[in-house]
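Welcome! Please take a moment to look over the sequence and the model, and then let us walk through some of its side-chain contacts together.

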Amino acid sequence: MFTPVMDANAFGGIPATLPAEDPRRRVLHDEVHARPPARIRMPALVVYVAVVHDGVDRAQELAHLRRLPGQDGLTEADLQGNFRRLRCPPGFTVKWERHTEFTRYSLVQPLQPEMGLDAREPELLPHLMVSREWLAGIPGRTICAIKLAMVTGDLSEPVAVLARARHWFGDQPVVASVLGQQGHSMVVTDFRVRPCGFERMLVVAPPGTSETRAGRISARLLEFETYRMMALLGLPVAKALVGPLADAERRLARLTADMESKASSDQALLDDLVGLAAGIERAIAENGYRFAATRAYDRIVSQRIAELRERAVPGTQTISEFMQRRLAPAIATVASTEQRLVALSERIARTSALLRTQVDIAREEQNRQLLEKLTRGQELQLQLQTTVEGLSIAAISYYVISLVLYGAKALKSAGVPLHPELTAGALMPVVLWGVWRMTRRIHARLHGQTQSRALRSPLA
């Protein structure tokens, strides 16, 4: 009978019914609950600040959060999850969220009755429950700051509600939408940064709106505006690259023309191409992350706007229409600049390959001419060697015949009846043939050894 194995990580001593758990499972599973939206009781004021935290560590953010009322005991462990909601006396909450490039701070507090829908451009900052010094001391550089007022009102007449909301914005041109298929709320904003540094948004919802729905509406509005600003960080980079890209494209066209007309040496062309390629690759390396982040942030903006499920208020632009006309051209500029960088890099690579081919062809021609010179030299050397060998045969034969002559004279002196000169002359053909034959055998043996080494060579 099978007995269940007790897992050391089993909770409460319950026998394990699964294999050993991957240590990453809980973290990955809980990611969907990592940043829950706030529960907002209307009417409420949400003061939101997003800062780029380049060069800012968690210790600095922790020290700043400890300055909030009642947060002296906050520890580094409390900020390890990149999300923390703090309840502070006398009745407000602060939500801290750290992302890859920025940190968000959201303060939620009750909204004063005199700042409701019928107010005319009310002053909100004097009624904050945190000091302006605390807001100004947030570590980082502000990328987005919004004052979001959430009030109750009857949405049966959206046009009338919008007219009242215009007074709230000082009768400035506004953008407005009814949110949700059933029209659960209305959002009004002018997308303008006021002298205090904040944008303004106004949400009007029926009195029975739940706290969770109010929290979700707030989260979507604040997120799409933050990600819109983060997406636009790529626009200054793209504009700064327009001039250098145009110069690089002209340089490449000039180099290609010089290569075609052979107006410059291959080495000079190659040096210019290498310098041009290095500059483009450096631009891609320095700005590739920014362009990729712009694409990612733009997708999030589109998702958040789609989640609003907007309906138009007659005579007023919706948020999606406003974004389509203002944000889309900027994102298109960033995308086209990125494509120009990549296309220019590819064109430089093709030009470099063409130049290398041209250099290889020229080198092969030089090698062919050099081989022809070597071949002619070898032929002359062979002719000279043949002449020298003929002379060598004659010389060797002369010395051999001289030895024969001396030997015949010695034999004649010893009494042998020989005529030395006749004997040497008679043996002369034999000596010449013998020396020639010996030379041919040496040549044949050397030629055979050369062929044998060539066959054994790994390059044969």
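## Rings, charges and a surface patch

Six aromatic pairs are counted in this structure, which is a predicted model. In one of them, the rings of Phe 191 and Phe 322 have centres 4.7 Å apart and planes at 5°, so this pair is stacked. Phe 191 belongs to the loop between strand E7 (185-189) and strand E8 (199-205), while Phe 322 belongs to helix H8 (residues 319-413), so the pair ties together parts that are 131 residues apart in sequence. Phe 191 is buried, at 12% relative accessible area, and Phe 322 is buried too, at 14%.

Two further spots with rings are worth a visit. One aromatic cluster is formed by Phe 102, Tyr 227 and Tyr 297. At Trp 168, the charged end of Arg 200 sits over the ring, 5.0 Å from the ring centre.

Next come the charged partners. Side chains of opposite charge can pair when their charged atoms come close. How many salt bridges does a search of the whole structure find? The search gives 25 salt bridges, and the table shows three of them.

| Salt bridge | N to O distance |
|---|---|
| Glu 97 and Arg 104 | 2.9 Å |
| Arg 340 and Glu 249 | 2.9 Å |
| Glu 307 and Arg 304 | 3.7 Å |

Let us take these pairs in turn. Glu 97 and Arg 104 are both buried. The salt bridge between Arg 340 and Glu 249 links distant parts of the chain, with Arg 340 in helix H8 and Glu 249 in helix H6 (residues 234-261), 91 residues apart. Arg 340 counts as partly exposed, at 27% relative accessibility, and Glu 249 also counts as partly exposed, at 22%.

Glu 307 and Arg 304 are three residues apart in helix H7 (residues 266-308), so about one helical turn separates them. Are these two partners buried or partly exposed? Glu 307 is partly exposed, with 30% relative accessibility, whereas Arg 304 is buried, with a relative accessible area of 18%. Through salt bridges that share partners, Arg 304 and Glu 307 are joined with Lys 95, Glu 97, Arg 104, Arg 220 and Glu 223 into one network.

Which residues make a nonpolar surface patch of about 300 Å²? Leu 370, Leu 371 and Leu 374 make this patch. Leu 371 is found in helix H8, and Leu 371 counts as exposed because its relative accessible area of 52% is over 50%.

Key
Residues numbered from 1 in each chain as written. Predicted model: local features only at pLDDT ≥ 70, side-chain atom pairs only at ≥ 80, totals over all residues. Heavy atoms only, no water. Phe/Tyr/Trp six-rings, centres within 6.5 Å; stacked < 30°, edge-to-face > 60°. Helix = DSSP H or I, 4+ residues; strand = E, 2+ residues; numbered from the N terminus. Buried < 20%, exposed > 50% of the residue type's maximum accessible area, 1.4 Å probe, protein only. Lys NZ or Arg CZ within 6 Å of the ring centre and 35° of its normal. Patch = residues over 30% accessible without salt bridge, like charges linked within 9 Å, V, L, I, M, F, W, Y side chains within 5 Å. Areas by Shrake-Rupley, 256 points an atom, 1.4 Å probe, with all protein chains shown as cover. Salt bridge = Lys/Arg side-chain N within 4 Å of Asp/Glu carboxyl O.
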